[in-house]
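Here is a friendly walk through one protein model, meant to be read with the structure open beside you.

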Amino acid sequence: MLIDGVFSGGGLKGFALVGAYQVLEEENFRFKRVAGTSAGAIMAAFIAAGYSAKEIEQLLDELNFATLLDSRRTLFNFPFLKWLNVYRHLGIYRGIALEKWFYRKLADRNIYTFADLPSGSLKVVASDLSNGKMIVLPDDLISYGIDANRFLVARALRMSCSIPFFFEPVILKARNNESVIVDGGVLSNFPFWIFDERNGKRIRPLLGIKLSSRAEHQQPRKINNGLQLFESLFATMKDAHDQRYISRRHERDIMFIPVEEYSATQFTMDDEAKEELIAIGRTRAKQFLIGWPKIRLF
């Protein structure tokens, strides 16, 4: 069955998305259009490029995540010096290695720019801090005077994954202006609204996969230090917009995957933790599909 899909962000917790996708494939669901933010954008892009769930799992298994942490070189190798990059370059890591990895894996499927994908099949969310607005790629590139058909999908993914202070922002140059672009999760970590039609009806069933428990099941965050304060601030900020949109009516089409105990930026995650996340995704998908209406057009 053809459906549309929206995937939430969640960093390394995105392994759970792979598990959910495995079950969807086994149950013969196929995605016509996909969208996502951050880790969800990566998942959406690989699906749009034609990768199967098994192939995506293999790509991630083979990847040494530490190689994506490309710090700028300094004269002295003192750990605290990397924090100077936050002040000078707005991030600890450059993000170039991450973009190159996206580029290589998409190129393996002959996907380079958005012109290489079916029109409207992929939408990626990012945040424009310079202009204080959310942007949907490739749709909103025209407002920057940029030809979407020539814009690299890998660059769009890097923009959507640029976690503030962790990765350097992407500087989008257009019309003699520069815009600082960061992680789409700053403004919409779960863009379930993205395929809404003007008449309120959907072309085909829409499934959302969100890396969290339902709002009423989430535990209060403990805030005892500055780091916990920042994490809680960012988590509250990225979920605020989406929580206002999601209603009880929407929740029946959303697969919530409870992975709060895992870290989004644990790039040293071991194989056991990855397998646990995939298993959680598989289990939750099987539970969800038992009651999910196979046909819901409205």
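In this predicted model, Asp-108 counts as exposed because its relative accessible area is 54%, above the 50% cut-off. You will find Asp-108 in the loop that links helix 5 (96-107) and strand 4 (122-128). Asp-108 and Ala-49 are 59 residues apart in sequence, yet their C-alpha atoms are 9.3 Å apart in space.

Now for a charged residue in another setting. Lys-274 is part of helix 9 (residues 271-291). Lys-274 is classed as buried because its relative accessible area is 6%, and the cut-off for buried is under 20%. Leaving aside residues up to four places away in sequence, Lys-274 touches Phe-15, Leu-60, Phe-65 and Met-269.

Here are the two residues side by side:

| Residue | Relative accessible area | Class |
|---|---|---|
| Asp-108 | 54% | exposed |
| Lys-274 | 6% | buried |

One of the contacts of Lys-274 is Phe-15, and Phe-15 is also among the buried residues of helix 1, so let's turn to that helix. Helix 1 has 12 residues and spans 17 Å from its first C-alpha to its last, close to the 16 Å expected at 1.5 Å a residue. Most of helix 1 is covered, with 10 of its 12 residues buried; among them are Leu-17, Val-18, Gly-19 and Gln-22. After helix 1 comes Asn-28, which has a positive phi near 65°.

What does helix 1 meet in helix 2? Leu-17, Val-18 and Tyr-21 of helix 1 are in contact with Ala-39, Gly-40, Met-43 and Ile-47 of helix 2. By class, this contact has 6 nonpolar residues, 1 polar residue and no charged ones. The axes of helix 1 and helix 2 (residues 39-48) come within 10 Å and cross at roughly 35°, and the crossing is right-handed.

Several of these residues turn up again around Ile-56. Not counting residues up to four places away in sequence, Ile-56 touches Val-18, Tyr-21, Met-43, Phe-46, Ile-47 and Tyr-51. Ile-56 is also one of the residues with the most contacts inside the largest nonpolar core, together with Phe-7, Leu-122, Val-153, Met-159 and Ile-209. That core has 76 residues, and its largest share, 8 residues, comes from helix 1 (residues 15-26). A second core of 13 residues is separate and includes Val-6, Val-125, Phe-192 and Ile-246.

Note on methods: Residues are numbered from 1 along each chain as its sequence is written. This is a predicted model: local features need pLDDT of at least 70, side-chain atom pairs count only at pLDDT 80 or more; totals for chains, interfaces and linings use all residues. Side-chain values use heavy atoms; hydrogens and water are left out. A nonpolar core is a set of buried Ala, Val, Leu, Ile, Met, Phe, Trp, Tyr and Cys residues joined through side-chain atoms within 4.5 Å. Buried means under 20% relative accessible area, exposed over 50%, partly exposed in between (1.4 Å probe, protein chains only). Helices (H or I, at least four residues) and strands (E, at least two) are DSSP runs, numbered from the N terminus. Contact means heavy atoms within 4.5 Å. Axes are lines fitted to C-alpha atoms, for helices over the stretch in contact, and angles run from 0 to 180 degrees between N-to-C directions. A crossing is left-handed if the near helix is turned anticlockwise from the far one by less than a right angle, and right-handed if clockwise. Ala, Val, Leu, Ile, Met, Phe, Trp, Tyr, Cys and Pro count as nonpolar, Asp, Glu, Lys and Arg as charged, and the others, Gly among them, as polar. The expected span of a helix is 1.5 Å times one less than its number of residues.
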